[in-house]
Amino acid sequence: MSAPIPRGAPETPSRPDDRPPLDPAVLRGEFPLLAANPDFAYLDSAATTQKPGAVLDALDRFYRESNANVHRGLYPLAEKATAAYEGARGEVARFLGALAREVVWTRGTTESINLVAQSWGRASLGPGDAVLLTGMEHHAGLVPWQILAAERGFELRFLPFDARGELELERLEALFEDGRVRLVGVVHGSNVLGTINPVERIAAFAHERGALVLVDAAQTVPHRRVDVRSLGADFLAFSGHKAYGPTGIGVLWAREALLETMPPWQGGGDMILSVRLEKSTWNELPYKFEAGTPDIAGAVGLAAALRWLDSLGRDRIAEAERSLTAYAVGRLAAVEGLRLLGEPDERGPLAAFDLEGVHPHDVAQFLGKEGLAVRSGHHCAQPVHRELGLAASARASFAVHTTRDEIDRLAEALVRCRRYFS
Amino acid sequence: MSDFDELYQEIILDHYRRPRGAARLDEVPEGEIHENPTCGDSLKLKVEFGPDGRIARVLHESRGCAISVASASMLTGAVAGLVPAEALSLAGEVEAALRGEGDDPRGFLEGNGELAALAGVAAFPARVKCASLAWRALESALAPPPGTDRGS
């Protein structure tokens, strides 16, 4: 039987955080990998974050002191493991302003979106329906719907973005006009353009017309306050490993009433109430969606990461990264021959760019030699690059430990890089 | 020489800056464009034969990094004058050597003229696809998969 589910407390009202601003140079010391490599500038946190000691300790402590399977054993150690695991669910719920029973563990954002497609989508969509996605979705926000659309015969529509990297919201009216759109899939923070999309406005628009909203929050949960109710989301997905947590764990949050109506998508242990040879009945929420032994330590590690983020203060993090990102944009834009991809009103902590005459692979290889880790390629967003007339780009992305000194080193190395390859 | 300097030695940079055999190949159909899935790089390739059935000239339109463009450029020199079977065999050996396979991959590349400059790629597994792209394109140009109508 399942353990009682801790209910997420309603979001604590946000008080102004009057602590001094975060100091990235000090925070760097909390990351063992960075502390051990003082000259290494990790500028690829949008791909995956480095892990603070608090998270590594929580993983280690779980395996040393609390390891057992969950929801099964009745001995004290098993109860301890279950309490840690379900406690982690409660912490995720609090972090998102949600209820614990609305939090489904997955392997990450990709699996969360696939779950929505394969469970809700398969049961709800068919010929005559449409799913509206944006032109700046990560492949994880596109491909699950392409697969299902081919099978179920519904239509995919796209909300384009403009030259600045902002969604063209004025087109929404026309896209919804025939009343066929059942779901809007929107990325909260673009992993290429950096755009923070106005999810609240899109959700309000969609809800007025009877459509649901799925938010890919992989690039925003680690960097700002994300509250599922104030966003107006129906589904929200994020990954642990982009939020200072371990790889292999992620979250799908969905409104309780929706989860109740959705069929399971994978069968196995833990997701059932009773099993006969020919027929089974499903467990209560959220276990109905969690077949098999889950990533217990991963859940515990993710909760430790969210606690760590909260201890820094999410508003302080957002402020420190906003200021660092503005500095980086200024420094990069001043590099001759460098073109930033997107100039959105509100930018998350990343900057993708094209360096004239130098392929992004060569940029990343050159910077790598200088101890600067940036991403190169299409960042799992080929349609975005196609729209910009590029095959690929280089991207620097930032985190709480990114210093202005690292940005200076990046800008200076890019000048040398262009000279080297021209 | 560091791994980086071996990867980007002068001869690679020279082929990148002045690629041999580079051309606009608008006539090559979209279905024959070769892409590197990790970065979206693309390459079109066209083989022209002499009256003796030997490869007279290889042209390519490359959109890629220094390594992939230089590799395509070197390919044009390495296969000119070969019969298709010889070129296919060379392509297979080059790709294996880039992956570090065989008894002496470095020795094989170093024994093949300018291709020696590609020996540094093996130290960077992520770049093997870049260096292999043109050779894979050559293979499919010379030995199209069954059922492919090349419209020649």
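Mentor: One term before we start: contact means heavy atoms within 4.5 Å. Also, this is a predicted model.
Trainee: Fine. How many residues of chain A are in contact with chain B?
Mentor: On the chain A side, 18 residues. They are in contact with 19 residues of chain B.
Trainee: And how much area do chain A and chain B bury between them?
Mentor: About 1500 Å². Carbon and sulfur atoms carry 50% of it.
Trainee: Which residues in chain A lose the most area to chain B?
Mentor: A:His361, A:Gln365 and A:Tyr420. Together they make up 37% of what that side buries.
Trainee: OK, electrostatics. What's the salt bridge count between chain A and chain B?
Mentor: One. B:Arg127 pairs with A:Asp362, and the closest N and O atoms are 3.1 Å apart.
Trainee: How many residue pairs are in polar contact between chain A and chain B?
Mentor: Nine, taking pairs with both residues at pLDDT 80 or more.
Trainee: Which elements of chain A give two or more residues to the side that touches chain B?
Mentor: Two helices of chain A: α13 (360-369) and α15 (404-421). The largest share comes from α13(A), with five residues.
Trainee: How do the residues on that side of chain A divide, nonpolar, polar and charged?
Mentor: Seven nonpolar, nine polar and two charged.
Trainee: Is B:Cys65 buried or exposed?
Mentor: Buried, at 0% relative accessibility.
Trainee: Last one, B:His34. Where is it?
Mentor: In strand β1 of chain B, residues 34-36.
Trainee: Buried or exposed?
Mentor: B:His34 has a relative accessible area of 16%. That is under the 20% cut-off, so B:His34 counts as buried.
Trainee: What does the side chain of B:His34 make a polar contact with?
Mentor: The side chain of B:Ser140, at 2.9 Å.
Trainee: Which residues is B:His34 in contact with, leaving aside neighbours within four places in sequence?
Mentor: B:Asp41, B:Ser42 and B:Leu43, then B:Leu133, B:Arg136, B:Ala137 and B:Ser140.
Trainee: Great, thanks.

How values were computed. Residues are numbered from 1 along each chain as its sequence is written. Chains are lettered from A and ligands numbered from 1 in the order in which they are written. This is a predicted model: local features need pLDDT of at least 70, side-chain atom pairs count only at pLDDT 80 or more; totals for chains, interfaces and linings use all residues. Side-chain values use heavy atoms; hydrogens and water are left out. Buried area is the accessible area (1.4 Å probe) that two parts lose on being put together, summed over both. A salt bridge is a side-chain nitrogen of Lys or Arg within 4 Å of a carboxyl oxygen of Asp or Glu. A polar contact is a pair of N or O atoms within 3.5 Å; within protein, one must be able to donate a hydrogen and the other to accept it, and residues adjacent in sequence count only if both atoms are side-chain atoms. Helices (H or I, at least four residues) and strands (E, at least two) are DSSP runs, numbered from the N terminus. Ala, Val, Leu, Ile, Met, Phe, Trp, Tyr, Cys and Pro count as nonpolar, Asp, Glu, Lys and Arg as charged, and the others, Gly among them, as polar. Buried means under 20% relative accessible area, exposed over 50%, partly exposed in between (1.4 Å probe, protein chains only).
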